[in-house]
Amino acid sequence: MALAQRKIDPTAEILGRIERYWDYRSSEFSKLRRLELQSENAAQWLKLLQEHLPTGGALNILDVGTGAGFFAILLAAEGHRVVGIDMSKDMVHEAKKNMLAAGCRAEFRRMNAEELDFPDEYFDAVISRNLTWTLTDVMEAYREWRRVLKPGGVLLNFDSDCGRTVFSKQGQQSCIHATLSREMLAECNAIKDELRISTHHRPEWDSKFLRSLGFSVECDSNVAPLVHRDQKLRYDAIPLFAIYAVK
Ligand SMILES: C[S@@+](CC[C@H](N)C(=O)[O-])C[C@H]1O[C@@H](n2cnc3c(N)ncnc32)[C@H](O)[C@@H]1O
């Protein structure tokens with residue numbers, strides 16, 4: 001085979017690693033999400049989302065990087081038409097199982113957050129939690145999310161500035177990584193260190209970029225005290241920022 005043909009596409013390589021990592025995590029991650037859906041945090045999240053979603057009836061909502069379906073299930077149970085997408089097929093499987101157990105209806109599809117298979121101006125809201133820190137191209141993702149939003153639609157993104165954090169299983173850190181093998185934890189940190197988003201100061205970087213796309217943006221630097229009420233779920237101590245952006 002010619003040398004050029006044997007070259008590895010670096011984006012495809014890291015995307016493959018990201019996908020494998022989340023496939024591996026899916027079952028344990030899903031267990032925590034089921035606990036979260038039953039915890040007092042669920043009502044707090046719903047309140048926060050409802051404060052920032054457009055008013056007036058059932059909405060078309062896209063939950064990007066839905067994982068085991070936490071946001072999608074929460075909002076589908078309120079009567080919204082929700083599509084949850086995730087790159088990991090095992091997470092999509094978990095989300096479907098959790099939806100059936102919750103007795104509500106949402107659609108779950110395997111899809112890349114940076115390349116959406118939806119028409120322009122389709123959704124009233126695009127929402128996401130704990131996804132953007134693990135994307136290869138957050139700028140492209142934000143462009144795509146803007147494209148599929150209706151004029152006046154909202155983008156709600158909840159995430160943390162993970163770039164300078166080293167995830168660990170020790171001390172006061174959350175139970176999120178407690179069941180993870182040392183190898184997979186090292187892989188998580190290694191992936192994070194390779195991503196450009198880890199070099200940015202967030203959420204300042206996000207706000208600036210979203211404004212450059214024409215969004216009007218509000219930001220809360222830490223909503224963790226509002227939504228991480230249940231101590232049993234022990235989250236990382238790292239602040240959880242919220243971006244509320246209107247197209
Ligand atoms: C930390 S989990 C968050 C899941 C969910 N939003 C929640 O808060 O419970 C990150 C999720 O993003 C997904 N993901 C990572 N990169 C993605 C991409 N490029 N496109 C779609 N999903 C992606 C992973 O498979 C994983 O399910």
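**Strands, core and ligand shell**

A125 touches L53, P54, L59, I61, G153, V154 and L156, residues up to four places away in sequence being left out; two residues are in contact if their C-beta atoms, placed from the backbone, lie within 7 Å. This is a predicted model, in which local features need pLDDT of at least 70 and side-chain atom pairs count only at pLDDT 80 or more, whereas totals for chains, interfaces and linings use all residues. Residues are numbered from 1 along each chain as its sequence is written.

A125 belongs to strand β4 (residues 123-129). Helices (H or I, at least four residues) and strands (E, at least two) are DSSP runs, numbered from the N terminus. Of the 7 residues of β4, 7 are buried; a residue is buried if 20 or more other C-beta atoms, placed from the backbone, lie within 10 Å of its own. A125 and V126 have the most contacts inside the largest nonpolar core, which has 58 residues. Helix α4 (residues 70-76) gives the largest share of this core, 7 residues. Such a core is a set of buried Ala, Val, Leu, Ile, Met, Phe, Trp, Tyr and Cys residues joined through C-beta atoms within 7 Å.

From β4 the chain crosses through helix α6 (residues 138-148) to β5 in a right-handed β-α-β crossover. Right-handed here means that, with the strands pointing away from the viewer, the path from the first strand over the helix to the second runs clockwise. Strand β1 also pairs with β4 in the parallel sense, over 4 bridges, with I61 opposite A125; two strands pair if DSSP finds at least two bridges between them.

Strand β1 (residues 60-64) is largely enclosed by the rest of the structure, because 4 of its 5 residues are buried. It is joined by 5 bridges to strand β2 (residues 81-86), and the two run parallel. Within this pair, V64 has I85 as its bridge partner. Together, β1, α4 and β2 make a right-handed β-α-β unit.

The ligand has 19 residues around it, of which W22, G65, G67, S88 and A113 come nearest; a residue is near a molecule if its C-beta atom, placed from the backbone, lies within 6 Å of it. Helix α2 (residues 10-38) supplies the largest share of this shell, 3 residues. By class, the shell has 8 nonpolar, 7 polar and 4 charged residues.

Definitions and conventions:
Ala, Val, Leu, Ile, Met, Phe, Trp, Tyr, Cys and Pro count as nonpolar, Asp, Glu, Lys and Arg as charged, and the others, Gly among them, as polar. A residue is buried if 20 or more other C-beta atoms lie within 10 Å of its own, exposed if 12 or fewer, and partly exposed in between; C-beta atoms are placed from the backbone.
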